[in-house]
Amino acid sequence: MRLAAADLGASSGRVMAGTVGPGVLSVTEVHRFPNGGVRVARAGGSTLHWDVLGLYREVLAGIRAAHRGGELAGIGIDSWAVDYGLLDASGALLGNPVNYRDCRTEGIPERVLETVPAGEMFGITGLQQLRFNTLYQLLAEHDLRSAETMLLIPDLLNYWLTGARGAERTNASTTQLYDVRSRDWATGLAERVGIPPRLLPPLHDPGTVVGTLRPDLADELALPELPVVAVGSHDTASAVVAVPAEPGTNFAYISSGTWSLVGLELEAPELSDAARAANFTNEGGVDGTIRFLRNVMGLWVLSESLRTWEARGTPVPLPELLAQAAAVPALSAVVDIDAPVFLPPGDMPARIRQACADTGQRVPETPGEITRCVLDSLALAYRRTVRQACEVTGRPVDVVHVVGGGARNELLCQLTADACGVPVLAGPVEAAALGNVLVQARALGAELPDLAAMRALIRATHELRRYEPAGSAADWAEAAARIDPGVVA
């Protein structure tokens with residue numbers, strides 16, 4: 001069957017045409033478009049928004065393009081997490097969704113935790129404390145009185161496609177308003193912090209057919225009234241479906257893109273004090289699994305550096321930049337890639353140089369040196385996160401699977417193997433889109449009864465690259481101590 005998978009990232013989106021059948025699994029990009037924050041003025045400052053109407057327009061264009069290549073059987077949408085649109089009682093959007101990188105939530109988490117202590121909050125939601133979690137964003141809204149329903153980005157687009165309102169569980173689990181044990185909204189928590197429970201729409205599982213294309217929209221697009229499937233609508237949930245792990249292996253995964261999501265797949269949430277202290281999160285996965293992970297800043301820092309160099313008129317093509325970085329001595333300078341200073345847009349090279357100066361290291365100057373610092377620092381963050389996940393859960397890791405765009409970065413994959421001390425298997429690159437079409441296909445009748453069957457199809461149809469660890473573990477321990485003198489090697 002042929003399926004349209006809209007995969008929306010923080011910096012770009014694309015619609016892929018997927019084909020699924022016995023021994024067959026492929027995706028082909030049919031439409032790509034830019035995405036990113038749009039800063040607009042408001043009284044006393046500015047706000048960083050998403051152009052959600054533009055995203056919807058591009059998704060429709062992609063669906064049309066996918067259908068031109070062959071009759072579609074279904075549509076599924078995945079995207080980044082936590083951001084949302086608010087609808088009024090008539091179903092109209094009240095304003096452009098705010099970008100999670102906006103600073104409007106500063107100070108709000110601290111106030112919330114005075115009402116609901118961190119330990120209690122973690123015991124309910126199982127989530128990593130991040131200032132942009134949906135709960136904090138809702139409390140930053142100027143006025144919720146006109147809002148009737150909150151829809152996360154994929155659910156909002158599904159609503160515009162079908163007219164059906166709801167929330168898919170893997171993405172709902174990222175909001176800090178979801179009870180990770182009961183798999184339902186934490187309405188009591190919402191009421192305690194001042195969020196009206198009416199905003200929380202009915203929940204459904206990934207693989208639910210939420211509706212069909214509205215008749216007027218199908219006519220406009222010259223398409224049949226296709227089913228729209230709620231996939232693992234958090235893009236990481238879809239990407240983890242496509243982790244090509246062998247049954248019975250102890251694996252960690254890194255979904256590597258603008259963000260890196262680093263963790264383990266569990267059968268039940270890990271809600272221990274150790275998990276909370278290590279700032280891990282328990283997010284819902286497909287088929288009732290738990291994505292026990294931590295957000296690592298990811299390739300955002302490198303992409304912002306590239307943008308800065310281009311704006312200054314000194315662009316460097318990425319392949320050339322990576323070749324320059326490979327020639328720089330390993331671990332010459334490292335930074336804490338998760339430091340808050342690297343979250344907002346801006347001059348990343350200057351921030352990296354300052355962070356190195358502040359820790360008494362040799363300051364990287366050239367684009368190649370800065371790129372090597374970013375990649376070494378990412379690998380160091382992966383090492384720290386995988387080790388802590390193993391310590392907290394008591395589960396060893398024999399292999400790290402890298403999926404997503406970062407799987408193309410050979411230098412980063414090798415550094416990850418070196419830092420973690422276990423083999424890395426890289427691929428597939430299009431993991432989120434593949435997971436999206438696999439869940440769609442099963443919902444529409446394909447013989448893919450479980451994650452093991454889906455992953456077996458990935459292994460049978462996609463080539464993976466293996467990286468063996470090399471270098472000195474002591475060198476990585478020394479580098480870790482440079483940015484955190486209290487670190488345990």
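1. Arg-408 is exposed, because its relative accessibility is 57%. Exposed here means over 50% relative accessible area, buried under 20%, and partly exposed in between (1.4 Å probe, protein chains only). The side chain of Arg-408 forms a salt bridge with Glu-430, with the closest N and O atoms 3.8 Å apart. The term salt bridge requires a side-chain nitrogen of Lys or Arg within 4 Å of a carboxyl oxygen of Asp or Glu. This pair links distant parts of the chain, 22 residues apart. Arg-408 sits in the loop between strand E19 (399-403) and H15, and Glu-430 in the loop between strand E20 (424-426) and helix H16 (431-443). Helices (H or I, at least four residues) and strands (E, at least two) are DSSP runs, numbered from the N terminus. Glu-430 counts as buried because its relative accessibility is 17%. Asp-7 and Arg-14 join Arg-408 and Glu-430 in a network of salt bridges.

2. A note on the basis. This is a predicted model: local features need pLDDT of at least 70 and side-chain atom pairs count only at pLDDT 80 or more, while totals for chains, interfaces and linings use all residues. Residues are numbered from 1 along each chain as its sequence is written, and side-chain values use heavy atoms, with hydrogens and water left out.

3. The structure holds 24 salt bridges. One of them joins Arg-169 to Asp-205, with 3.0 Å between the closest N and O atoms. Arg-169 lies in helix H6 (residues 169-172) and Asp-205 in the loop between strand E12 (203-204) and strand E13 (208-212), so the bridge ties together parts 36 residues apart in sequence. Arg-169 is buried at 16% relative accessibility. Asp-205 is partly exposed at 32%.

4. Arg-372 and Asp-376 also meet in a salt bridge (3.0 Å, N to O). Both lie in helix H14, 4 residues apart, or about one turn of the helix.

5. Now the nonpolar packing. A nonpolar core is a set of buried Ala, Val, Leu, Ile, Met, Phe, Trp, Tyr and Cys residues joined through side-chain atoms within 4.5 Å. The largest one has 143 residues. Its members touching the most others are Leu-157, Leu-161, Leu-213, Val-301, Ile-337 and Ile-352. Helix H14 (residues 367-393) gives the largest share of this core, 13 residues. Apart from it lies another core of 28 residues, including Leu-152, Ala-167, Ala-186 and Leu-189.

6. Leu-161 deserves a look. Residues up to four places away in sequence aside, its contacts include Tyr-56, Leu-60, Ile-63, Ile-75 and Ile-77. Thr-212, Leu-213, Arg-214, Leu-217 and Val-228 are also among them. Contact means heavy atoms within 4.5 Å.

7. Helix H11 (residues 300-311) passes a length check. Its 12 residues should span 16 Å at 1.5 Å a residue, and its end C-alpha atoms are 16 Å apart, which agrees. The expected span is 1.5 Å times one less than the number of residues. Its buried residues are Trp-300, Val-301, Leu-302, Glu-304, Ser-305, Thr-308 and Trp-309. They pack against helix H12 (318-326), helix H13 (348-358) and H14. Just after H11, Gly-313 takes a positive phi of about 80°.

8. Thr-416 belongs to helix H15 (residues 410-420). Thr-416 is buried, because its relative accessible area is 1%. Neighbours within four places in sequence aside, Thr-416 is in contact with Ile-254, Ala-379, Tyr-382 and Val-424.
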